[in-house]
Amino acid sequence: MTTPGFRPTHVVPQQGMPAWEAPDPARPTVPLDPLLPVRLVERRGDWGHVLCSNGWSAWVDGRYLVAVPQDPPLSAGPLTTAADPRPLLGRTEQALARYRAAVEELAAGGLDGETFRRRTQGLRIGVVVDGESMWLYDPAQARWAYGDGTRLSTYAADAPPAADLGHAPTRVVTPEGEP
């Protein structure tokens, strides 16, 4: 469930990311899900304190968050085939129907957990509708697209981090005697 009025500033990278209770590598917590919308509320060196769309908060390696543009692109010009939202909406509906059918079969006892996992493996969808604004995940293009009802524009593209330094974010050290 999304917190009312939540506006993300970033999304978690497509592979998810580890999280910590505090900016301290010794205090890990549950990792964040791939493409989870978050709001960056504080930075301390490489550490980023994020508020998740469900109201939960955690500390992450802020270098790997994928920034979300603040203002979605506006549509300009006539509807074109490449920007027409209907094909992507149709593919999203089909993927959701496949997932729902698998869930129904699992709930009815017709599938075991392993078969359910195999049937849904690789299935990726994402849809956010807020009035006339819509964000759709396009797995074929590995991107989030913004739509205003008439056309789609790239909103955020999946991209692996530029470099994996192989260590936790830089630890913040305060001078002795300071809290």
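1. Helices, of at least four residues, and strands, of at least two, are taken here as DSSP runs numbered from the N terminus. On that basis the chain of this predicted model has a secondary structure of 2 helices and 11 strands. Read from the N terminus, the order of elements is β-β-β-β-β-β-β-α-α-β-β-β-β.

2. As for contacts between residues at least 6 apart in sequence, 51% of them join residues at least 24 apart.

3. The largest nonpolar core has 12 residues, and its members include Val12, Met17, Ala19, Leu32, Leu36 and Val38, together with Val50, Cys52, Ala58, Val60, Tyr64 and Leu65. Two or more residues of this core come from each of strand E2 (17-20), strand E5 (47-52) and strand E6 (57-61). Another core, of 9 residues, lies apart from the largest one, and among its residues are the aromatic side chains of Trp135, Trp144, Tyr146 and Tyr155.

4. Both ends of helix H2 deserve a look in the model. Beyond the helix, H2 is followed by glycine 122, which has a positive phi, near 80°.

Notes
Residues numbered from 1 in each chain as written. Predicted model: local features only at pLDDT ≥ 70, side-chain atom pairs only at ≥ 80, totals over all residues. Heavy atoms only, no water. Core = buried A, V, L, I, M, F, W, Y, C linked by side-chain atoms within 4.5 Å. Buried < 20%, exposed > 50% of the residue type's maximum accessible area, 1.4 Å probe, protein only. Contact = heavy atoms within 4.5 Å.
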